[in-house]
Structures are given as C-alpha cells and as structure tokens.
Amino acid sequence: MCGIAGILRLDERRPDDRVALNAMSESLIHRGPDGQGSFIRGPVRLTMRRLSIIDLQGGDQPMTNETGTIHVVFNGEIYNFAELRNTLGRLGHRFRTRSDTEAIVHAYEQWGDDFVDKLNGMFAIALWDEARERLVLARDRAGIKPLYYARANGSLVFASELKALLASGLIDRELDFRAFGQFLSLEYIPAPASIMRGVRKLRPGHLLTASAGEIRERAYWELRLARSELDPLPGDVTEQAEAFRAVLQRSVAQEMVSDVPVGVLLSGGIDSSTVAALMTQATEEPVQSFSVSFAERSFDESTFARRVASHLGTSHHELRVTPTDLYESLPTIMSKVDEPFADPSIVPTYLISRFARERVKVVLGGDGGDEMLAGYSTLQAHRLATMYRAIPRVLRRNLVEPMVAQLPVSSRYLAFDFLLRRFIQGADAPPWQQHQMWTGSLYGGTKAAVLHPDVRQTVDEPAFDAMLADTATASGTRHPLNRILYQDFKLYLEGDILAKTDRASMATSLETRVPFLNLNVLSHLERVPVALKLRGLTRKYLLRKAVENLLPRSIITRRKRGFSIPIAAWLNQELRDLAHEYLNEARLRREGVFSPPAVTTLLDEHARRARNNAKVIWTILMFQIWREHWLDTK
C-alpha cells in the first residue's frame, strides 16, 4: 500500500521536472510514511511513498525486472500473488523478494497488457516498459484504489490523489462546472470526471497506455450482472448460500495475509459482522475490532457492534464521536480530501481509522456488500413507487402530498417524514434518475434555485441526466433491479463509498481491504439470481442465509442503518456558526456561485424546523470549505 505519482515527458524540450516530482511525492506522505523511492530515466519519472504491509524489508519500490527494462510503482495489494509467483516460476521467472509488487513485474513480462487480467486485488499501477518506451497505467475492477491523470504542459502527469497533480505545478486550478453539477446532485464526482478541468480519473477496470505521444484508454473488465438472468447457479437456496459463504470465506482469508497486525471495522451491520465472523474462523488469535458510538440513539449502532464482538469473542474497541470531534477534524479531512465530497460519514470513517491505526496497520471492512447484494432501502422503494404511481395523479397532488408536507419535521436518522418527502420527490422520475434523487442531494428546481444565474447553465443538466441514463443502459441487462445495482456499482460505490474509505483511512496511514469486492466474490455474485438478492422486500437474502449460523439472529434480521452522523441536529446546534461562516449572504454574493437568497431560505427553514434541509445545506457547505482550501489557494 502506498501513494504513487509520475510524469511522462511527451515533449523533450520541457525543463527539468525533478522539483515537481519531489513535490508530488511529499504531498502523498500520509499514504506511505514508511519509505520513498523514485525512478528517473529518459522521459519518465516515477515516485512512490510506501506503507509497508508485505515483505517489510524486501518490498521497496520502484520494483524492476532482472534486465532492468521494466519498472513498477504500485498502490494496493495483490491477493493472489502467491499463486502468480508459482505459475510464473514454472514458466521460468525468478523472484528476488516476497513482495506482491514483483509478481506484477513478471506478469507483465509474461503476458504483456493482459497481465492485469491475472490480478486479483485492489490496485493502481504505473509500469514503464523501457524497451518499448511505453507507460502503462491500470486501476482495479471496482475502483478501490484511485488514480488521477492529466495531459498538461507537454507531459502526462498521474498520481494517487489530485493534490499530487496540483503540487506538481503543472495543473491549473480551474473548476470543471460539469463535475461541480454532478457533485451537487450526487454528493461526489464519479470517474472519469474530476473537479479540476483537464484532470481525469482512470475509470475502474480500465488500462491506459502512453507511447510516442499517443494516449489510449480501454476497459479490461466489465461487471456482467446479466449473467444472473441467463446463467443461474445450480442447486437450491441452501446450497447456493453454502457456496457463497465458501467463496466469501476464502476471500476473507486471502485478504488477511499480512506481515503486520490486521483488524476489522465493525459497525454491527450484517456486512461488517460477516467479515468479522469469517476472520475469527481464519485465525486462532483474537480479532481486533473497532466501532464508533454516538450520543444520539437513532444514529448509534454501538450496541449491535458490541453484541457481535461478544458473540465472536473479538478484542473490541469503541470510540465515542461528538460534534466537537467533527469540528476539530474537518480541517485535517479537508486537507486530505482534494475533491468536494458531501457524504458526512467520511468524518466518523476518518476518526475510526485514526483510532484503529493506534493498534493495527490493516483493517478489513464490509464495503461493497450493499451494491452487489441489493442492500439499500431505495431498492424496495422502486417497487413501492410502482404502486404509488398507480394512485390517480389528482389524489397524489391534492391529498397525499399536502398531508406529507404537514408532517412534523424530525432530525432523527431516516425519520419517517424525511423518507416520505424524499420518496415523493423522486417517485415520478425515470428509474435511473429516481434512484439518484432518493440517495443524493440537489435536483431539479432546488438545484437551479440555489445556483447563481451565471452558473446555472454551466452545470449542463441535460448532460448529467444523459450520463445517468447511459450508465443504466450500459449494464446490458434487462432486469430493472440489476440496472440499478449496476448503476450503484459504477457511480455510488466508486465515487462515494470507496473514495471515502480510501481518503479517510489513508489520511491516517491505515490500509483498508474490502473482501466483498474480491474478484472471486464479484465473479460469483455476477451469476446469482436477482431473486436471491432481493426476495420480496428482504434485502441481501442470500447473505442472510449464508451466515445464519454464524451471527446472532438479531443481527441477521435487523434493519440496515447507514453509517452516518446527526448532521440535521448539529447544523442547528454545534455546527450553526460554521454553516453561517461559509454560507452568509455577503460571502456568497462575493463568490458568485450560489444564490444568497435561496441559501438563506434553506438555512432559515432548517433552523425553524419547517423542513429538514440538512443534505442540501451540508452539500453546499462542503463545497464552500473545499473551495477555500483548494481552489482559492494558489
């Protein structure tokens, strides 16, 4: 695990860029405090910061082959590196280290660009083929590890984080308004876009090559959920549950391989609890588990986490999170999160990562289970929306909606009034847009109203809507649920969940692994019938069956509660001054991005508890803080 960066000179007349390379490396030190390495020869400059996990003494990078013609820097872990070493050894390759990085070098020697098909892991790879004067960049299938790139000033520059590109001095800090519009609606920016004009994220499952000034990008892997309709697994439900548990068990054991201590982030939900249970089966030592708690009971899952920890016999550690923790940690978080990001759960994710890092260097988590196994409540809402639309429109407009509007406003987690208002807001939209409206922030008239008139047209709403529709269509599946799962995998998982986990954990030099996104698990779940994911209104049905003998029944049957914080209440209390510092009319008028009267109305409605505007206010607030830190700083 580390941070990587590099420069490929496309124009040999460029001045020396070693200072730029060093600045890029320094900006990534939080990702790899254990060591640093660089390779500079001809047109290429590679650098990395290392977090030592496997082969602590021999795994330094850049890693080179025996003839010194292939050089690799790599962020992540290759879980099947032992099998690859055996295969490559039989083919005549000789290894000098126990590092998984060296397996990448020899895999490329053996299979060329097809080497990436052989890798099971989370990774962002930069490989320089000196003999062919060719750069290869690759990103893992789900997008667990990030990789940014840009063509600028006669060079191709790339890095694990946007901040490293900015540190190079080669990239202009110019806002991409289309990406800004995506952020306002989604609360994140999905690949390939980035908040800076001219900077792209390499898409998950893609490989980029640069040679002789020509840059090409292609997909090497695609999620194929259509297989679950055409090629169902054999056997009854019990057999399928046992088969899935076996695949997941092997993946957990595979991802526990480490030369440093490994723990688990335990929320008390079924995903992280499953990972914890399978970890306890894979080791004789007590598993170190970590969870957070809140004073606000509707957000607090610590009781469930303690119940699982007691049941499994883990060595459990709990951290209480307060509004003061959020306020004090925001500057650090914003210094590491270099794109606007409005999922408030990044705060407790950062705090629990920092807490866990005091005892372990690697943790496993439950990310990916919701996207692959139909875990989100919005999937049930799609079925309910079909029934709701059967009610005559005149009754909905004149009876149902006015009744919902009169419900008292609550700041509790997923309060009934909040859910109903969100449901009605998106009930008439197309499915691909509907899903995002239920989970995101600003859409339609609300989005247009909060923007300054000069900015309103630049966010390009038609292009955004087309992107959502195209993503759903690209799934290649006829089943509406699979289309939504595919959309979540391509957008929300990569842009929100994995970005949050990577930035928050790596800010504390903690490696987080996600067994639900192991290639073996993905390949298995591609063929699982839709009815075993969402059975009636029961989400994650197959997973619940697979672990029914491993976990307490109260954990298996409990309602999902997302990992979040009480933003609605805190914005009216401890965070009120922060919101007004960044969202006051004078400041908004001076900056010219948002409409001061519209934002003031949002704050006033929220303060009077006339409406719960927390998601919208938080989204705008996070952009304002990001802007001050990253865009207004030259």
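Analyst: Trp432, Gln433 and Gln436 supply the H16 side of the contact, and they meet Asp465, Leu468, Ala469 and Ala472 in H19. The model is predicted. Helix H16 spans residues 431–439, and its axis comes within 8 Å of that of H19. The two axes cross at roughly 110°. H16 is therefore roughly perpendicular to H19. The crossing is right-handed.

H19 has a further link, at Glu461. Lys447 forms a salt bridge with Glu461, with the closest N and O atoms 2.5 Å apart. Lys447 sits in helix H17 (residues 444–450) and Glu461 in helix H19 (residues 461–473), so the pair ties together parts 14 residues apart in sequence. Glu461 is partly exposed, with a relative accessible area of 24%. Elsewhere, salt bridges that share partners join Arg31, Lys145, Glu161, Lys163, Asp338, Asp502 and Arg503 into one network.

The salt-bridge count for the model comes to 37. Lys615 bridges to Glu187, with 2.8 Å between the closest N and O atoms. Lys615 lies in helix H28 (residues 614–631), while Glu187 is in the loop between helix H5 (177–186) and strand E10 (199–201), so the pair ties together parts that are 428 residues apart in sequence. Lys615 is partly exposed, at 24% relative accessible area. Glu187 is buried, at 5%. A further salt bridge joins the side chains of Asp17 and Arg9 at 3.4 Å, N to O. Both of those residues are buried.

Six strands form an open sheet in the order E2-E3-E1-E9-E8-E10, with antiparallel pairing. Strand E2 (35–41) and E10 stand at the edges with a single partner strand each, so one side of each lacks a neighbour in the sheet. Neighbouring strands are turned by 15° against each other on average, direction ignored. Gly3 stands opposite Arg49 in E3. Helix H1 (residues 18–27) lies across E1, E2, E3 and strand E9 (155–159). H1 runs at about 20° to E3.

How is E6 joined to E5? Nine bridges join strand E5 (residues 70–78) to E6, and the two run antiparallel. Asn75 stands opposite Ala124 in E6. On E7 (residues 134–139), pairing with E6 is again antiparallel, over six bridges. There the bridge partner of Ala124 is Arg139. E6 and E7 form a hairpin with four residues between them. Glu133 in that turn has a positive phi of about 45°.

Is E6 (residues 121–129) enclosed or open? Nine of its nine residues are buried, so E6 is largely enclosed by the rest of the structure. In a regular strand the side chains alternate between the two faces of the sheet. In E6, Gly121, Phe123, Ile125, Leu127 and Asp129 point one way. Met122, Ala124, Ala126 and Trp128 point the other way. All of these residues are buried.

Helix H2 (residues 81–90) and helix H3 (residues 100–111) have axes that come within 9 Å and cross at roughly 45°. H2 and H3 are therefore oblique to each other. Their crossing is left-handed, whereas that of H16 and H19 is right-handed. The H2 side of the contact consists of Phe81, Leu84, Arg85, Thr87 and Leu88. These meet Asp100, Glu102, Ala103, His106, Ala107, Gln110 and Trp111 in H3.

Back to the starting point. H19 meets H16 through residues including Leu468 and Ala469. H19 is also tied to H17 by the Lys447 and Glu461 pair.

Definitions and conventions. Residues numbered from 1 in each chain as written. Predicted model: local features only at pLDDT ≥ 70, side-chain atom pairs only at ≥ 80, totals over all residues. Heavy atoms only, no water. Salt bridge = Lys/Arg side-chain N within 4 Å of Asp/Glu carboxyl O. Buried < 20%, exposed > 50% of the residue type's maximum accessible area, 1.4 Å probe, protein only. Pairing = 2+ DSSP bridges. Axes fitted to C-alpha atoms, helices over the stretch in contact; angles between N-to-C directions. Contact = heavy atoms within 4.5 Å. Parallel < 35°, antiparallel > 145°, perpendicular 65-115°, else oblique. Left-handed = near helix turned anticlockwise from the far one by under 90°.
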